[in-house]
Amino acid sequence: MRLAVFADIHANRQAFSACLAAARARGAERIICLGDVVGYGADPEWAVETVMDLVHDGAIAVRGNHDNAIGTPSETMNGAAQAAIEWTRGRLSAPQRRFLAELPLTQQEDDRLYVHSEASHPARWRYVEGTSEAARSIEATDAHVTFCGHIHQPALYSMSSAAKMTGFVPTSDVPVQLLGGRRWLAVVGSVGQPRDGNPAAAFAMLDTATREITYCRVPYDVETAADRIRANGLPRWLADRLLEGR
Amino acid sequence: MAKPSIEPGAELDGFAIGERVHQGGMATLWSVTHPGITVPL
Amino acid sequence: MKIPRISEGEDPAAIVSFEMEQMIVPRLAGPHVPLCFGSGDFDRQPYVVIERIPGKTLYDRLGDLPIPYEEARVIAGKIATALADLHRQNVIHHDIKPSSIMFRDSGEAVLIDFGLSHHNQLPDLLQEEFRLPYGTAPYMAPERLLGVRDDPRSDLFSLGVLLYFFTTGVRPFGESETLRGMKRRLWRDPYPPRKLKPDYPLWLQEIVLRCLEIEPVWRHPTASQLAFELAHPDQVKLTARSERLQRDPLTTVWRRRFNRGLTLPKPKSDVAAQLASGPIVAVAIDTEEGSGPLNECLRATAEQLLATLPSARLACINVLKLGRITIDRTLDEQGNNKHIDRLVALRHWASPLKLDESRLTVHVLEAIDPASAILEFTAVNRVDHIVIGARQNSMMRTFLGSVSAKVAAEAACTVTVVRPPRSAVAQDKSSSTPKAIEA
């Protein structure tokens, strides 16, 4: 089965539409959403509605820290993020807010674990910045592969049977076999706000039969997404960073 | 899943195992045949 | 079928190197690697099934060393060609040594054992697994001792060790297996082969010592360029390297030893980008009367290409067309040697480019069919880019067929077809219509 894994959509309609189309073109049969459906971007109602429909049709979704902040205003965030959350909260309907609040923090499916930040303490929203954080996450689960997002930069970590770690920045469109002898942490890049210097939207595909993961990049209409952020009075920096991918 | 045995005459994923060709420090090489493959393996 | 020895579990390297083979070997293609027919993963029984290459590895020749220079040149050329093909597939072998090399009945070198290899687009499981560099000590490039695993020129160093060993019978850096002994090669150069064998050809010493340069940047830019030099020993640009009889003076050695920090290699390279910066460009030059304007355009195009590619090399080729039944092919009516005249003309064409001699070669091919000769030359020499002029005179083209059209249609690499600006051919009305669609 082919899975398409999306993380950090951040209410970016143009990016998520482009990624969904690209994933379907690649034969995606199942959709995984790793959280942060909202925050930063200008189309939260559309984004939540779309994910609700996907979940209704069998997709798996977990909760991200921005989704969480809609219902839990105590969340500590930087100024721009906080402003976007407050604006978003006013835009969402009660059922949409309830959908986000009720998303689970983790989901397990076969030998795969889905989580927004990392597996050791999913509610602490810690970033996987290198092999030591990746090791902590892998050690906290018995899954063969854990998928996470949160840091908005794609990476692929593995732990050998001797607990040695390797880290790797994936090359787009080159499938990597997730070897059975080691355990893996696949950090999926961000759909709606990439921060690795490449403004193209990011997602990943997994073929469960061959165990091959493919990181994908999709160019999308960044200008429109940025215009909509400005037009809605959100902090300008949130629009500018989309153009630069940082 | 049970670990299949590797010895002459055994079969693994359709490959019939023949004689042992080489015993190295890191790996063992076996001659094998497969009904669908004509190239010597 | 290759099955890793893991039951004893003594050596974690056996597992990791098997995992690397498992990832890399199924992706490789072409005559220079064994074909892969299947693999199994560690959760059941790990294995890879590869094509059986008949015959023995080069290790079998160790009793015959030293072997004749010409034989060594041919063998090393085949290995360099195989490496070029491997590097093009984003893989650095990292364990080039006699026991990793076999030959097909058709002649091509086949590289085996990819357990230490690096794939530029896949996770490098060996990068962080072991603090010490893993490999075969006598053949390991100096930068490997500093942890660099992503420079394809490391394989050129190993091939240089092999070529030195096969032609002198002596390993250039001995057999020391200790890290301390291996690290000497970071500052200590080997004895020049000519010190060991006074009859050692200059061109061969030039090639061997260039492969063995401590800094990768001083080696051949790509395996293709090394293969090119091995295929054309008469055109190897000889430098001071070729005649040396002594190693570097101790002052140089000490400076290297205690100033390492200054020459540390850059942290991350991109194999594909590096290969792309050192292409072999072939330009086909017509030396006949009246080809002046076209040749000037060809030179301008070559200049533009070379300006952006400091490691590129230029091969100027000219075809001396033979009549189907002509036997005399060296002397013209005046008794001049046509072959040498053409070589002189090619060098003259190239001189305004002011290329370093090490980047320029000239070749006169003798053939009945010029297009086929150009295609064969570029295939054998793994040329990356052909620059060729389109003949403007349609009468000529009708009689002779278009060389550029055939080359552009059948070449395996990029072809640039150059045409003089319209003003230069305005007089030639008959050529105006078909020109645009040619090639």
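This is a predicted model: local features need pLDDT of at least 70, side-chain atom pairs count only at pLDDT 80 or more; totals for chains, interfaces and linings use all residues.

Me: Where does Pro370(C) sit, and what does it touch?

Reply: Pro370(C) belongs to helix H12 of chain C. Leaving out residues up to four places away in sequence, Pro370(C) touches Val319(C), Lys321(C) and Val403(C).

Me: What makes H12(C) and H14(C) a packed pair?

Reply: Their axes are 9 Å apart, at an angle of about 35°. The residues meet too. Pro370(C), Ala371(C), Ile374(C) and Leu375(C) come from H12(C). Val403(C), Lys406(C), Val407(C) and Glu410(C) come from H14(C). By class, this contact has six nonpolar, no polar and two charged residues.

Me: Which hand does the crossing of H12(C) and H14(C) have?

Reply: The crossing is right-handed. The word applies because the near helix is turned clockwise from the far one.

Me: Now the sheet in chain C. What makes it parallel and open?

Reply: Five strands lie in the order S10-S9-S8-S11-S12, and their pairing is parallel. The sheet is open. Look at its ends: strand S10 (360–367) and strand S12 (414–418) of chain C each have a single partner strand. One side of each is therefore left without a neighbour in the sheet. Neighbouring strands are turned by 20° against each other on average, direction ignored.

Me: How do you know that S11(C) and S12(C) pair?

Reply: Count bridges. Two strands pair if DSSP finds at least two bridges between them. S11(C), residues 385–389, and S12(C) have five, in the parallel sense. Five passes the cut-off, so the strands pair. In one of these bridges, Gly389(C) has Val418(C) in S12(C) as its partner.

Me: Which helix lies across S9(C) and S10(C)?

Reply: Helix H11 (residues 338–350) of chain C does. H11(C) runs at about 145° to S9(C).

Me: What else describes chain A as a whole?

Reply: Chain A has eight helices and 12 strands. Its C-alpha atoms fill a box of roughly 50 × 35 × 35 Å. Buried residues make up 50% of the chain. Of its contacts with a separation of 6 or more, 72% are between residues 24 or more positions apart.

Me: What makes S7(A) and S8(A) a hairpin?

Reply: S7(A) and S8(A) run antiparallel and are joined by four bridges. At least two bridges are needed for a pair, so this is one. Five residues lie between the strands. In the turn, Ala163(A) has a positive phi of about 65°. Across the pair, Leu156(A) has Phe168(A) in S8(A) as its bridge partner.

Me: Which part of chain A gives the largest share of its side touching chain C?

Reply: S8(A), with three residues. The contact takes 16 residues from chain A and 17 residues from chain C. The chain A side has seven nonpolar, eight polar and one charged residues.

Me: How do you know that a strand of chain B pairs with a strand of chain C?

Reply: Strand S3 (residues 27–33) of chain B and S1(C) share three bridges, in the antiparallel sense. The cut-off is two, so they pair. Thr28(B) stands opposite Ile3(C). The whole contact takes 19 residues from chain C and 20 residues from chain B. On the chain C side, nine are nonpolar, five polar and five charged.

Technical notes
Residues are numbered from 1 along each chain as its sequence is written. Chains are lettered from A and ligands numbered from 1 in the order in which they are written. Two residues are in contact if their C-beta atoms, placed from the backbone, lie within 7 Å. Ala, Val, Leu, Ile, Met, Phe, Trp, Tyr, Cys and Pro count as nonpolar, Asp, Glu, Lys and Arg as charged, and the others, Gly among them, as polar. Axes are lines fitted to C-alpha atoms, for helices over the stretch in contact, and angles run from 0 to 180 degrees between N-to-C directions. A residue is buried if 20 or more other C-beta atoms lie within 10 Å of its own, exposed if 12 or fewer, and partly exposed in between; C-beta atoms are placed from the backbone.
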